[in-house]
Amino acid sequence: MNVYDGQRIASMLRGRGYTQTDDYTDADIIILNTCAVRAKATDKVFSALGRIRTEKKPDAIMGIVGCVARESGADAFKRVPELNFVLGPQSYHKLPEILDNPDIKLLNIDLGGLEKFDEMPQMDASPAVAYIPIQEGCNHCCTYCIVPYTRGREISRPFDDVVRDTVHAANTGAIEICFLGQNVNGYKYTDDSGKIYRLSDLIDAAAKLDAIKRIRFTSSYPTEMTDDLIDMFRTEPKLLPFLNMPIQSGSPDVLTRMNRPYSLDLYIDIVDKLRVARPDVQISSDFIVGFPGETDSDFEQTLAIAKRIKYINSFSFKYSPRPHTAAALMPNQIPEKTKSERLYKLDELLNEIQREFNESCVGKIMPCLYEGPDKTGRHAVYRTPYMQQCIVATLDPNSPQMANIEITAANKASLRGKII
Ligand code: SF4
């Protein structure tokens with residue numbers, strides 16, 4: 001979501017004559033687009049601001065947008081007096097106000113809903129992977145999560161608006177569409193005639209566009225995985241066989257305290273249905289270890305579900321207490337050392353499963369999307385349908401954007417392959 005927000009802001013600034021620089025000491029405007037999901041992310045924002053304020057050009061405009069802006073509000077100006085603006089994740093369309101009046105202090109952390117989508121100009125050009133937000137906010141009040149506070153209640157965007165943005169992306173360079181939402185598969189829009197649109201309808205509309213070769217969506221909530229959506233994995237070949245569906249913990253007790261009211265049986269049932277619909281589908285998850293009250297036995301159940309589902313490309317984190325959340329006030333907070341030990345164990349397991357999966361890909365031919373040169377500038381990086389990074393040894397300036405690649409080698413982090 002932040003990548004998308006950043007692209008919209010960059011496009012708007014280009015429209016006003018700005019160009020992008022990687023050197024903030026030379027910038028006329030500096031914007032930190034921020035994430036508040038963990039305390040560490042918030043801390044990094046303020047430490048970066050401390051550095052930037054002493055090194056930036058004296059008259060450069062500096063501000064923060066996103067969830068840390070919403071979390072900190074006016075307090076951010078007290079902590080960093082050089083800040084010119086603090087704009088929440090639903091207010092960054094107000095940026096032109098500060099560009100027109102750089103002498104004011106602009107604070108807006110309102111939860112304005114969908115205004116930003118209408119008020120920001122369309123992007124000038126789409127990257128090959130176009131992120132298209134289809135909703136804002138979340139109604140699942142997971143007890144550890146700050147998102148309902150920073151992004152507000154869930155609102156689905158009108159179907160026609162999402163289709164308009166998808167067509168625009170396809171016409172301006174997109175090859176892959178990634179529909180975005182905090183609870184993306186809960187998308188539900190009712191038009192004036194009473195017709196209800198779901199995520200499956202959006203996938204269907206995107207698949208009809210010739211320029212679009214790949215479609216995915218993130219992030220899914222298990223109980224919103226409706227049959228029409230599962231069926232899309234059977235019927236729509238452009239929908240990638242890869243799904244992020246966070247389970248967070250394998251312990252029913254922890255899930256209850258997290259206020260994630262699904263049983264492991266239900267979760268496994270959904271995965272089984274997906275695998276019947278699309279036998280090559282792979283699932284990714286997010287995990288939180290060291291949630292308040294998590295026992296060794298709870299943690300063992302998390303390891304057990306990870307082994308059973310064989311998650312790939314997953315994200316695991318130590319529980320981080322966040323303001324405005326119920327879990328931050330729960331008793332039995334877990335010591336950092338225990339959290340670190342559990343995270344290490346879980347990561348070892350997830351890495352091992354990833355390595356096994358990557359190795360199982362050797363010899364296969366996969367349609368992959370060109371991402372760009374690698375860090376050395378000598379090799380081309382492609383993304384497989386499972387979001388694995390695949391390095392192709394030669395970098396052709398005319399690298400095809402979509403290529404069939406034979407996977408020739410694998411390790412736990414990436415694949416190697418050759419275009420055939
Ligand atoms: S479903 Fe996701 S975004 Fe919504 S409250 Fe839970 S963790 Fe946060």
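Student: Which residues in H10 meet residues of H12?

Tutor: Ile230, Asp231, Phe233 and Arg234 in H10 meet Lys273, Leu274 and Ala277 in H12. Two residues are in contact if their C-beta atoms, placed from the backbone, lie within 7 Å. By class, this contact has four nonpolar, no polar and three charged residues. Ala, Val, Leu, Ile, Met, Phe, Trp, Tyr, Cys and Pro count as nonpolar, Asp, Glu, Lys and Arg as charged, and the others, Gly among them, as polar.

Tutor: Two notes before we go on. Residues are numbered from 1 along each chain as its sequence is written. The model is predicted, with pLDDT of at least 70 needed for local features and 80 or more for side-chain atom pairs to count, while totals for chains, interfaces and linings use all residues.

Student: How do H10 and H12 lie relative to each other, parallel or antiparallel?

Tutor: The axes of H10 (residues 227-235) and H12 (residues 264-277) cross at roughly 30° and come within 8 Å. Helices are DSSP runs (H or I, at least four residues), numbered from the N terminus. Axes are lines fitted to C-alpha atoms over the stretch in contact, with angles from 0 to 180 degrees between N-to-C directions. Angles under 35 degrees count as roughly parallel, and H10 and H12 are therefore roughly parallel to each other.

Student: What is the angle between H8 and H9?

Tutor: H8 (residues 159-171) and H9 (residues 199-207) pack at about 30°, their axes 10 Å apart. That makes this pair roughly parallel too. Phe159, Val162, Val163 and Thr166 in H8 meet Asp201, Leu202, Ala205 and Ala206 in H9. Sorted by class, there are six nonpolar, one polar and one charged residues in this contact.

Student: Which residues surround the ligand?

Tutor: Around the ligand are Cys138, His140, Cys141, Cys142, Cys145, Val147, Pro148, Gln182, Asn183 and Tyr221; each has its C-beta atom, placed from the backbone, within 6 Å. The shell holds seven nonpolar, three polar and no charged residues.

Student: How is the chain divided into domains?

Tutor: There is domain 1 (2-108), domain 2 (125-240), domain 3 (246-261 + 269-360) and domain 4 (365-419), with bounds from an automatic or database domain assignment. The C-alpha centres of domain 1 and domain 2 are separated by 27 Å.

Student: How many residues of domain 1 are in contact with domain 2?

Tutor: Nine residues of domain 1 are in contact with eight of domain 2. On the domain 1 side, H1 (2-15) and H3 (67-72) each supply at least two residues. H3 gives the most, with three residues. By class, that side has six nonpolar, one polar and two charged residues.

Terms used. Parallel < 35°, antiparallel > 145°, perpendicular 65-115°, else oblique.
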